[in-house]
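User: I have a structure open and want to go through it with you. Can we start with the packing and then move to the ligand?

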Amino acid sequence: MTISRFAADLPRVDQFVTLGEGDTPVVELPAIAGRLGLRRLSAKLETQNPTGSYKDRVAAMSLSLARQQRKRGWIASSSGNAGLAMAAYGTRSGLPGFLCLVATAPLEKSIPLQPYAVAVIGVDGVGDGATSRELTGLMDEIRDAAERHGLYLGITAHAMNHDGMRGVDTIGYELTEQVPTASHVFVPAGGGGLLVALARGLRQREHDAHVVACQPSGCAPVVRFLDGGVPIPVIAHCDSLVSGLQVPSPPDGPMAVEAVERSQGWGTMTSDDEILAAQRLLATVEGIFVEPAAATTLAALVRDVESGRVDRHAHPVLILSGAGWKDLGRFGAAAGKLPIVTFSDVAPQVDMWATGLDSSDRHLAGRHQ
Ligand SMILES: Cc1ncc(COP(=O)(O)O)c(C=O)c1O
């Protein structure tokens, strides 16, 4: 199944461009639920989309619309995930594309672009340390270029690409079917578009979960606004290393605020360190490896459970928006230090490891209680 199964609720196109996006699984996180004292905790694995992030839903809708509207090609800016999605779906659609990639994007986000037939440039000043002036300037340039050349504007924000973003409403539709008991949906917010579309999808299906905006404290314009710390959901500059969430002036910030308030949700921000700890926890106790942007949801939930905002009878759902392989830098050093042995040393290594198994079995059993 693909997002086209919701065609009746999406912008009309004669034919969907698809690579099998959507219908991502929801899994339980019993070990983390146990640690937090929650009865239930679930996660929606947007990591399972064809290029590893929820952006495939936007790309599928955008390229379907681009073809419907007989555009000459497409143009987009991206921190990496949207770019890869647009490159894959752009190629699939047969339309040529031009991508402005954040110059500091992790290599794991730029290398996979290489096989595709897409023009890519790196743009300085719009990642860590980005100012709202540079970000807004880049978006304006891209919008003008799209008009000049008859290109589909594939930026993944409602303010720029409203109809394309409707593809993301399908996360809300699917959640309504998969987790009718969800009490809270924890969503990472960068530009704010994911949150806005997901909340709209839930509302459209009359699901009343509270939507929680999750941001790194070094770049949390939406959360700061919700907490009354800034007069508009914009901050001067970004000070976080979380790729995908380095957006000091979110184009969909006001819409995201409205969506959160309407659902009677809130915003929670956490440090980059808390986010990386949450990323590790998901991998080590649940076997789910996500990129830091996705792990902001767990970091925020941990905070909210500790502060009593979420109680043990709740059933939160985390939106795990992007796969772990997209940002591997911090694991490189450990990978370079693998013990290298000859075959005759394998048996003693295994024996040594096995000696410790009994105690780690007990440890694991404890985790799942
Ligand atoms: C993995 C991941 N999660 C979340 C987001 C945030 O989405 P939005 O910019 O729509 O708020 C992004 C944006 O690039 C992302 O790549």
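**Core and ligand shell**

Analyst: This is a predicted model. Leaving aside neighbours within four places in sequence, Leu-195 is in contact with Val-187, Ala-189, Val-211, Ala-213, Ala-256 and Ala-259.

User: Which residues touch the most other members of the largest nonpolar core?

Analyst: Leu-195 is among them, along with Val-185, Val-187, Leu-198, Ala-213 and Ala-256. That core has 107 residues. Helix 12 gives the most to it, with 8 residues.

User: Which domains does this core draw on?

Analyst: It takes at least three residues from each of domain 1 (3–53 + 166–330) and domain 2 (55–163).

User: OK, the ligand. How many residues surround it, and which are the closest?

Analyst: The ligand is surrounded by 20 residues, and the closest are Gly-190, Gly-191, Gly-244, Ser-321 and Gly-322. Helix 3 (81–93), helix 8 (193–204) and helix 12 (292–306) each give two or more residues to the shell.

User: Which helix gives the most there?

Analyst: Helix 8, with 3 residues. Domain 1 and domain 2 each supply at least three residues to the shell.

User: What is the shell like by class?

Analyst: It has 11 polar, 8 nonpolar and 1 charged residues.

User: Now the whole protein. How many helices and strands?

Analyst: The protein has 15 helices and 10 strands. Buried residues make up 51% of its 369 residues.

User: And what is the radius of gyration?

Analyst: The protein has 21 Å, which agrees with a compact globule of 369 residues, because such a globule would have a radius of gyration near 21 Å. The C-alpha trace spans about 65 × 50 × 40 Å along its principal axes.

Definitions and conventions. Residues numbered from 1 in each chain as written. Predicted model: local features only at pLDDT ≥ 70, side-chain atom pairs only at ≥ 80, totals over all residues. Near = placed C-beta within 6 Å. Helix = DSSP H or I, 4+ residues; strand = E, 2+ residues; numbered from the N terminus. Nonpolar A, V, L, I, M, F, W, Y, C, P; charged D, E, K, R; others polar. Domains from an automatic or database assignment. Core = buried A, V, L, I, M, F, W, Y, C linked by C-beta atoms within 7 Å. Buried ≥ 20, exposed ≤ 12 C-beta atoms within 10 Å, placed from the backbone. Contact = placed C-beta atoms within 7 Å. Rg over C-alpha atoms; globule rule 2.2 N^0.38 Å.
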